[in-house]
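The sequence and the structure are shown below.

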Amino acid sequence: MNTDALIRNKRHTVLIVEDEAVNRELLSLILRDTYDVLIARDGVEALETLRAHPGRIAMVLLDILMPRMDGIEFLKRRAMDEALCRVPVIVLTSDRDAELQTLKLGALDFIAKPFDMPQIILARIQRIIEFVEDRQIIQDIERDELTGLYTRGFFFEYCRRLPAPKDGAKRDVIAVDVDHFRLVNEVYGKGFADGLLCAVADGLYEVAHEGFGIGCRADVDLFYLLLDHREDYEAVYAGLMARVHALNRQANVRLRIGVYTGVEDARPLDWYCVAAKAACDTIRGNYTRGVVLYDDSLHEKELYNERLIADMESAIADRQFAVYYQPKYDIRGEKPKLYAAEALVRWIHPELGFISPGAFIPLFEENGLIAKLDDYVWRQAAAQIRDWKDRLGVSLPVSVNLSRMDFYDPLLKDRLLAIVAENGIPVENLILEVTESAYSQNMDQMLKTVGELRQAGFHIEMDDFGSGYSSLNMLCLMPIDALKIDMKFVRNVATSATGYRMVELVIEMARALGVPAIVEGVEDEEQYRRMKQVGCDIIQGYYFSRPVDAASFEPMLKDI
Ligand code: C2E
Ligand code: CA
Ligand code: CA
């Protein structure tokens with residue numbers, strides 16, 4: 001409201017509260033060239049006028065001695081009203097004794113009667129209006145609009161000004177994050193998600209209060225809190241979760257808390273916040289733990305991860321990434337037949353040794369490096385398809401993995417088509433595996449891009465099916481050519497009746513969609529037998545072969 005006035009440079013309105021006509025006239029005369037003037041003859045009228053023009057009055061000039069309701073009483077009433085107490089008051093007085101009392105009641109300044117120095121009066125009014133407006137602007141960015149917590153910048157600023165704790169006492173930083181917030185937003189709607197953030201913020205505000213702390217909302221669903229050291233973070237967690245449950249008992253929402261104990265001046269606070277966040281990220285999607293403490297092993301792990309990220313580009317140039325192949329066998333007939341292979345990347349690091357993709361793919365997915373690596377793997381795989389065709393006369397389709405990030409590239413289809421064309425292989429021989437969770441994250445965009453890829457002739461396999469959150473409705477809309485069932489289904493198939501029934505159900509879904517069901521992670525004879533029995537079409541797993549390098553794969557090509 002006041003910010004508005006400032007931006008538009010509109011004339012401000014001043015309310016004169018004065019019972020003596022002469023004084024009213026005099027003040028009006030002084031003010032009217034610069035301000036719009038409203039008049040009240042006592043406290044009662046002043047309150048009425050303020051309420052009748054909410055947000056409009058920029059300043060009240062208040063006489064103290066008045067009939068009906070005097071200035072003191074007016075100030076008391078104003079202090080109790082949240083809207084009114086924001087309007088600044090200058091007291092008009094000739095009585096110095098009243099000054100202290102009115103100051104305590106929230107008046108900001110005084111103008112002495114009689115009014116013989118118009119320029120000074122105008123200057124004072126202007127200065128106060130500006131001051132109040134500036135403060136309002138600061139408050140607007142100081143506080144996060146939704147939750148009322150500090151914004152990130154102000155949090156760091158206030159923490160910096162915090163005096164050091166007494167007697168070597170420790171301080172902690174905690175990071176609080178909502179697990180799968182994007183999904184919560186989609187599933188339960190923005191209203192619930194906003195309420196959730198406010199509930200967390202309220203809880204943290206209370207914790208901050210108890211522990212002489214400062215808190216902020218640092219990102220959409222990320223909060224930081226700097227506070228005196230405490231041990232009972234499980235209780236803090238329980239308290240926050242109770243607030244979440246109070247919103248909606250059924251909602252499947254989890255928070256995560258990462259704690260760094262012993263914040264020092266040695267590093268910038270930022271570093272400790274990142275550390276607490278890193279701790280908190282180690283339990284992403286983990287339903288058994290809500291609180292995790294940062295420790296040195298985590299630090300080691302971070303250093304290791306940083307190293308991987310730093311080395312990635314040169315590793316591509318030095319061809320340290322090797323593409324391994326794992327066969328997929330069609331088990332519908334008498335004898336298993338080689339159906340395709342999946343290209344899986346490995347990093348043979350000159351100093352760190354053999355690194356599995358689980359260690360670096362998620363890292364590269366986080367910072368976008370994955371697009372470059374995927375491109376490299378796709379090229380290798382396409383060249384391999386061509387090589388087998390040329391040397392051994394076999395056309396074996398090979399599937400490659402696409403990450404969610406790859407779909408941000410508007411040229412994805414063109415790039416893939418170029419790779420296929422450069423290697424002179426049929427489009428359908430380069431199969432694209434897209435993980436189910438990628439679909440659920442940006443459904444419309446995914447549907448469109450995947451549709452275009454299929455139009456161009458690519459075959460699409462939905463990877464890790466059953467691990468994500470796709471609804472049945474989504475599944476029916478999804479243009480796919482095969483369903484790859486997540487490994488966890490196999491784990492239970494031989495041990496429990498429900499496990500078996502689950503696989504049956506998923507295979508029925510594939511049938512309903514008219515696509516083959518591929519089961520991953522079949523390791524032994526028993527699992528293989530069950531899979532065959534349940535009607536699964538294609539199998540990929542250690543039972544047939546682990547992923548191996550291209551040369552070791554060649555003997556399997558005779559099974560085609
Ligand atoms: P994924 O796409 O689900 O690949 C299947 C994973 O299951 C592979 O792990 C494979 O070695 C493993 N696997 C296959 N059969 C069995 C079995 O019988 N038992 C067990 N326990 N595991 C089995 P890997 O090679 O470690 O790859 C892990 C993940 O890394 C892949 O999961 C995929 O999501 C990702 N990845 C691998 N290569 C690439 C790539 O070039 N690009 C992208 N974006 N992701 C890749
Ligand atoms: Ca895959
Ligand atoms: Ca998979």
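In this predicted model, the shell around ligand 1 is made up of ten nonpolar, five polar and eight charged residues. Of the 23 residues around the ligand, those that come nearest are Arg346, Asp374, Met487, Glu523 and Tyr542.

| Residue | Atom of ligand 1 | Distance |
|---|---|---|
| Arg346 | oxygen | 2.7 Å |
| Asp464 | oxygen | 3.2 Å |
| Glu523 | nitrogen | 2.6 Å |

On its own, ligand 1 has 790 Å² of accessible area, and the protein covers 83% of this. Two or more residues of the shell come from each of the elements β13 (337–349), α12 (357–367), α13 (370–392), β17 (460–465) and α18 (487–493). Strand β13 gives the most, with four residues.

The metal sites form the second topic. The calcium ion (ligand 2) is coordinated at 2.1 to 2.3 Å by Glu342 (OE), Asn401 (OD1), Glu433 (OE) and Asp463 (OD). Along the chain, the donors of this ion follow the spacing E-x58-N-x31-E-x29-D. A distance of 4.0 Å separates the calcium ion (ligand 2) from the calcium ion (ligand 3), and Asp463 coordinates both. Glu433 and Asp463 are both buried.

Key
Residues are numbered from 1 along each chain as its sequence is written. Chains are lettered from A and ligands numbered from 1 in the order in which they are written. This is a predicted model: local features need pLDDT of at least 70, side-chain atom pairs count only at pLDDT 80 or more; totals for chains, interfaces and linings use all residues. Side-chain values use heavy atoms; hydrogens and water are left out. A residue is near a molecule or strand if one of its heavy atoms lies within 4 Å of it. A polar contact is a pair of N or O atoms within 3.5 Å; within protein, one must be able to donate a hydrogen and the other to accept it, and residues adjacent in sequence count only if both atoms are side-chain atoms. Accessible areas come from the Shrake-Rupley method with a 1.4 Å probe; for residues, only the protein chains shown count as cover. Ala, Val, Leu, Ile, Met, Phe, Trp, Tyr, Cys and Pro count as nonpolar, Asp, Glu, Lys and Arg as charged, and the others, Gly among them, as polar. Donors are N, O and S atoms within 2.8 Å of the metal (3.2 Å for Na, K and Ca); water is not among the atoms, so sites may look incomplete. Buried means under 20% relative accessible area, exposed over 50%, partly exposed in between (1.4 Å probe, protein chains only).
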